[in-house]
Amino acid sequence: MPLSLANMRRQYTLDGLTEAQAPDNPLTLFERWMQQARDSESPPIEANSMHLATVDAAGRPHCRVLLLKGFDQDGFVFFGNYDSAKGLDLAANPWAAMTFFWPGLERQVRIEGPVHRLDRALSDAYFESRPLASRLGAWASPQSRALTDRAALEALLVQARQRFAEQPVPRPEHWGGYCLRPERLEFWQGRADRLHDRLDYRLHDAAWQRSRLAP
Ligand SMILES: Cc1cc2nc3c(=O)[nH]c(=O)nc-3n(C[C@H](O)[C@H](O)[C@H](O)COP(=O)(O)O)c2cc1C
């Protein structure tokens, strides 16, 4: 018997999103929603987890979950391996999209824009703040490459531990931050009977323009 999904649906009734509630600057609204997601999800979820979509040199999209590690007027920051599949995609095509879904709040945020590598000093500072095991993992794991088996990965970790047994673990050149500079943000609030609220902000001549989209 195949798993039946067709009848799974919820009514969304928690909240609405009116123009009057929405500030001129979408970053202000993102901050409000992120704070509410972080403080209210029960059981706690990783409110800063998001799906990042990139497009490779052949025009094919790829999507994976990452953690957002910061945001401000300059953009949205995440970290990873520059030689990974996503790193190669971003080198070929800097345009990316991220999506946050906070089910407990019946909210989604979509963000789109070009991505650039974070300033080296900021990547260094974040790397130094990570636990030792994560720092060693960045050296050990050739992210997105094929491994013969689990033992191969564990052997790479042993090598990294030995290499840095007597010295601090510096940030590898192939690991660091990215910053997505937003040109579009869309805020989606689920409403009853699928008449959801969607407020869309687009950057035009360095100013945010807002419009309501049909659900
Ligand atoms: C909750 C969660 C958080 C993750 N956070 C990160 C992250 O911050 N950076 C990262 O490189 N991968 C992260 N990953 C792993 C990615 O989803 C992905 O497997 C990895 O980045 C390799 O993707 P790629 O081969 O497309 O480059 C996370 C996965 C999950 C499920």
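**Figure 1. Cysteines Cys63 and Cys179 in the predicted model.** The sulfur of Cys63 lies 19 Å from the closest cysteine sulfur, that of Cys179, which is too far for a bond. The structure holds 0 disulfides, a disulfide being a pair of cysteine sulfur atoms within 2.5 Å. Cys179 is likewise in no disulfide. Cys63 is exposed, with 54% relative accessibility, whereas Cys179 is buried at a relative accessible area of 4%. Here buried stands for under 20% relative accessible area, exposed for over 50%, and partly exposed for values in between (1.4 Å probe, protein chains only). This is a predicted model, in which local features need pLDDT of at least 70 and side-chain atom pairs count only at pLDDT 80 or more, while totals for chains, interfaces and linings use all residues. Residues are numbered from 1 along each chain as its sequence is written, and side-chain values use heavy atoms, with hydrogens and water left out.

**Figure 2. Residues around the ligand.** The shell consists of Glu46, Arg64, Val65, Leu66, Leu67, Phe79, Gly80, Ser84, Ala85, Lys86, Gln143 and Ser144; a residue is near the ligand if one of its heavy atoms lies within 4 Å of it. By class, 5 of these residues are nonpolar, 4 polar and 3 charged. In this classification Ala, Val, Leu, Ile, Met, Phe, Trp, Tyr, Cys and Pro are nonpolar, Asp, Glu, Lys and Arg are charged, and the others, Gly among them, are polar.

Figure 3. An N or O atom in the side chain of Ser144 is 2.6 Å from an oxygen atom of the ligand. For Ser84, a polar side-chain atom lies 3.3 Å from a ligand oxygen atom. Taken alone, the ligand exposes 620 Å², of which the protein buries 62% (Shrake-Rupley method, 1.4 Å probe; for residues, only the protein chains shown count as cover). Strand S2 (61-67), strand S4 (75-81) and helix H2 (85-92) are the elements that give two or more residues to the shell. The largest share, 4 residues, comes from S2. Helices (H or I, at least four residues) and strands (E, at least two) are DSSP runs numbered from the N terminus.

**Figure 4. The largest nonpolar core.** This core has 31 residues, and those with the most contacts inside it are Phe30, Met98, Phe100 and Trp102. Such a core is a set of buried Ala, Val, Leu, Ile, Met, Phe, Trp, Tyr and Cys residues joined through side-chain atoms within 4.5 Å. Elements that each supply at least two of its residues include helix H1 (26-40), strand S1 (49-55), strand S5 (95-102) and strand S6 (107-117). H1 gives the most, with 6 residues.

**Figure 5. Asp197 and two arginine side chains.** Asp197 lies in strand S9 and is buried, at 6% relative accessibility. Its side chain makes polar contacts with the side chains of Arg191 at 2.8 Å and Arg212 at 2.7 Å. A polar contact is a pair of N or O atoms within 3.5 Å; within protein, one must be able to donate a hydrogen and the other to accept it, and residues adjacent in sequence count only if both atoms are side-chain atoms.

Figure 6. Glu106, in the loop between S5 and S6, has a phi near 55° and is buried, with a relative accessible area of 4%. Arg194, in the loop between S8 and S9, has a positive phi of about 65° although it is not a glycine. At 37% relative accessibility, Arg194 is partly exposed.
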